[in-house]
Amino acid sequence: MKVTDHIEKAKGKTLFSFEIIPPVKGRSIRELYNNIDPLMEFKPPFIDVTTSREEYVYIERGGLLDKKLTRMRPGTLGICASIKHKYDVDTVPHVLCGGFTKEETEYLLVDCHYLGIDNVMALRGDAMKDEKYFVPTKGGHEFTIDLVRQIQKLNCGQYLHDAVETDNCANFCIGVGGYPEKHLEAPSLKTDLMRLKEKVDAGADYIVTQMFFDNHKYLKFVEAAKEIGIDVPIIPGIKPIAVKRHLQLLPQVFRIDLPQDLIDAVESCKTNKEVRQVGVEWAINQSKELKEAGVPVLHYYSMGKSDNIKAIASALF
């Protein structure tokens, strides 16, 4: 079932969902299941599975370093199929511009269609670790809107190079990212919203936001989006702070602001266990306020751990 169908079926009730990352290759999927199991009691209608782009690793050979390009967290589609089979829940694989050619994207989408996966999250992806700016893959997309267009064309039975004629079209529900505090590369929030409107006009069906810690910024973002004609569901993305280092790491990586009250509470903690509790309590209060505002879904970034997400969900669902 499509994400938008789940939202419509809920008839105004706020749903619970979360996002996971594939394990590093060589690790068992059992570890992933152990973190998903405690969250299934809250009946998530869908689970997102991230995709990691390629990265360089250095392997020592005879005293020299051999530079190799690899993916440390492959298996997004396999994990989606496995979760769908094991838990009977819809899954949303993330589809990236970075690291994939248009042909590879088409192969991935065809496999999703074969597996009965109805939803995809279209994202540009980050720059590689050794690059300051995003550089598109040769033969791939530079911008998310072009990826959305490719998916939408496949929904209409249009394959690359006009090589296929079919009546068995895909029907993907397309999600895209939104940024209440603007994308780090956007010159302004207004410009960023205009780009988001273009993605919706190109075929995006719903939006999931970057993490934020001030609900006012999300609500203001939603209001501004509606004012320019964005009428698709805008799902808030929430991440509970878990370690003190997040005070520096999250603003640096995601270009977001943290409320001073949250900063003060975290800085007063003596252990990361205390920090984790502060993060849970902040996310609970944040989620309650958003739920009262009538958000369609509360979407949590679990980062592979579920104990804090379970504590939050237990207070809300």
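Reader: How many helices and strands does the protein chain have?

Author: The protein chain has 11 helices and 10 strands. Those are DSSP runs, numbered from the N terminus: H or I of at least four residues for helices, E of at least two for strands. It's a predicted model, where local features need pLDDT of at least 70, side-chain atom pairs count only at pLDDT 80 or more, and totals for chains, interfaces and linings use all residues. Residues are numbered from 1 along each chain as its sequence is written, and side-chain values use heavy atoms, with hydrogens and water left out.

Reader: ok, and in what order do the strands close into a barrel?

Author: Eight strands do it, in the order 1-2-5-6-7-8-9-10, with parallel pairing; two strands pair if DSSP finds at least two bridges between them. From one strand to the next, the twist averages 30 degrees.

Reader: Zoom in on strand 6 and strand 7. How many bridges join them?

Author: Four bridges, between residues 119-123 (strand 6) and residues 173-178 (strand 7). Met121 has Gly175 in strand 7 as its bridge partner. Helix 6 packs on the sheet there, touching strand 7 and strand 8, and its direction makes about 180 degrees with that of strand 7. Contact means heavy atoms within 4.5 Å; axes are lines fitted to C-alpha atoms, for helices over the stretch in contact, and angles run from 0 to 180 degrees between N-to-C directions.

Reader: Switching to helix pairs: at what angle do helix 6 and helix 7 cross?

Author: Roughly 60 degrees, with the axes coming within 10 Å. Helix 6 and helix 7 are therefore oblique to each other: under 35 degrees counts as roughly parallel, over 145 as roughly antiparallel, 65 to 115 as roughly perpendicular, and the rest as oblique.

Reader: Which residues meet there?

Author: Leu189, Leu193 and Leu196 from helix 6, and Phe221, Ala224 and Ala225 from helix 7. By class that's six nonpolar, no polar and no charged residues. Ala, Val, Leu, Ile, Met, Phe, Trp, Tyr, Cys and Pro count as nonpolar, Asp, Glu, Lys and Arg as charged, and the others, Gly among them, as polar.

Reader: And helix 5 with helix 6, what's the angle?

Author: Those axes cross at roughly 10 degrees and come within 9 Å, which makes helix 5 roughly parallel to helix 6. Helix 5 brings Thr144, Ile145, Val148, Arg149 and Gln152 to the contact, and helix 6 brings Glu198, Lys199 and Ala202. That contact splits into three nonpolar, two polar and three charged residues.
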